[in-house]
Amino acid sequence: MKKNLLLTPGPTQIPPEICDVLGQPIIHHRTPQFQQILKEVTEDLKYVFQTKNDVFILTSSGTGAMEAAVCNLLSANDKVLIIEGGKFGERWTEICKAYGVLPKVIKVEWGKSASLEQIQKILQGEKDIKAVYATLVETSTGVTFDVKAIGEMVKKTNTVLVVDAISGLGATDLPTDAWGVDVVVSGSQKGLMLPPGLAFISLSVKAYNLMAKAKLPRYYFDLQMAKKAFEKTDTPFTPAIGIIIALSESLKIIKTQTLQKLFTHFAKLAKATQAAAKALGLELYAHPSCASNVVTAIKVPVHIDGEKLVKTMRDTYGIAIAGGQGEELKGKIIRIAHMGCINENDTLTGISFLEKVLEEMGYKFKLGTGVAAAEKVLNS
Ligand code: PMP
């Protein structure tokens, strides 16, 4: 019997206890029963966001919260700085352009982290930059950006720092308040182990102040509307009721495990995967100084068809990993996730089948060396 294992960097696997909740009959959202849940999950999300700021739940995929972080903060022709190091950094630029905002883009070489000196220089020289848009974990390259250092620089200015933590929230450390991140956006289908359908956004006082002057058009993602509704423990539109109820189960799991333990756990899975890749003679795509604990990107050997490798793992063996995104990376890398409810067994199974398929495709190596290297890390 074929079983499916999801090792993709979103959506991630959903634990059985959350699946049980998702299978329950629906309740109406304008009821005290749902309002109690909405209130509790909104409060508990602050633990995962590591913030005292307001957090709002939107019904959309993560990109909806990214759009909200543009159209609620800015006016047409406002200048913003975008740190763009992959597909999802590019998304910030695309959204800003769609709204007539003027993005100044720092193009970071894919697989590398941003130059802090360059960011500093721009912030010092161009005081009219309203917001900096960055990414915590660039899922397309497997890089974690130094949000702490960026936060330290932006904190000293009037600029608002916005971070896409769609990949990474609940899987790698992001102390929102301590690092001075004004706006954090995320989604339900990654570290939170839920189906796609919820987006989240946190807002600092500094962000609210910028929002008060922002004139871009908005409707569905109007955060003033979300705030007003939430004052009555309500949402402006019909929320994804079932996923919000399941979120309550997910937050229970995360709080019981604790964020710190989860971060350590995923870091270990990442180290094990990196060790396996090296033992198999495969190169990591991300520079070691910024390789993420949330997703590992591995270069596919030149004579191996990367798209076929991903397809065979998924269709023949039921192990879903991700390939490369965009023309630059299509077929050239594979990506393996370490977030949500992925555990050591899953990681070892993924590596084992990666070996199996690589061998079938004619790649020369000693079978079992990847698994052995990963086990060494996991057993340490
Ligand atoms: N940003 C990052 C870093 C992501 O990983 C993703 C999803 N892969 C997105 C943005 C887009 O999120 P969604 O697909 O939920 O809209």
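1. A polar contact here is a pair of N or O atoms within 3.5 Å; within protein, one atom must be able to donate a hydrogen and the other to accept it, and residues adjacent in sequence count only if both atoms are side-chain atoms. The model is predicted, so local features need pLDDT of at least 70 and side-chain atom pairs pLDDT 80 or more, while totals for chains, interfaces and linings use all residues. Side-chain values use heavy atoms, without hydrogens and water, and residues are numbered from 1 along each chain as its sequence is written.

2. An oxygen atom of the ligand lies 2.5 Å from a side-chain N or O atom of S61. For Q189 the corresponding distance to a ligand oxygen is 2.7 Å, and for S167 it is 3.3 Å. The protein covers 88% of the 400 Å² of accessible area that the ligand has on its own (Shrake-Rupley method, 1.4 Å probe).

3. The shell. Around the ligand are 13 residues, each with a heavy atom within 4 Å of it. S61, T63, T139, D164 and K190 are the closest. By class, the shell has four nonpolar, six polar and three charged residues; Ala, Val, Leu, Ile, Met, Phe, Trp, Tyr, Cys and Pro count as nonpolar, Asp, Glu, Lys and Arg as charged, and the others, Gly among them, as polar.

4. Contributing elements. Helices (H or I, at least four residues) and strands (E, at least two) are DSSP runs numbered from the N terminus. Two or more shell residues come from each of α3 (62-71) and α4 (87-98). Helix α3 gives the most, with three residues.

5. Aromatic pairs. The whole structure has six, counted where ring centres of Phe, Tyr and Trp (its six-membered ring) lie within 6.5 Å; planes under 30 degrees apart are stacked, over 60 edge-to-face and the rest tilted. W92 and Y133 form a tilted pair, 4.7 Å centre to centre with 50 degrees between the planes. Because W92 lies in helix α4 and Y133 in strand β5 (residues 129-135), this pair ties together parts 41 residues apart in sequence.

6. Backbone points to check. Most residues other than glycine have a negative phi, and most peptide bonds are trans. N77, not a glycine, has a positive phi of about 70 degrees and is in the loop between α3 and β3 (79-84). The G10 to P11 peptide bond is cis, with omega near -5 degrees; P11 is in the loop between β1 (5-6) and α1 (16-22).
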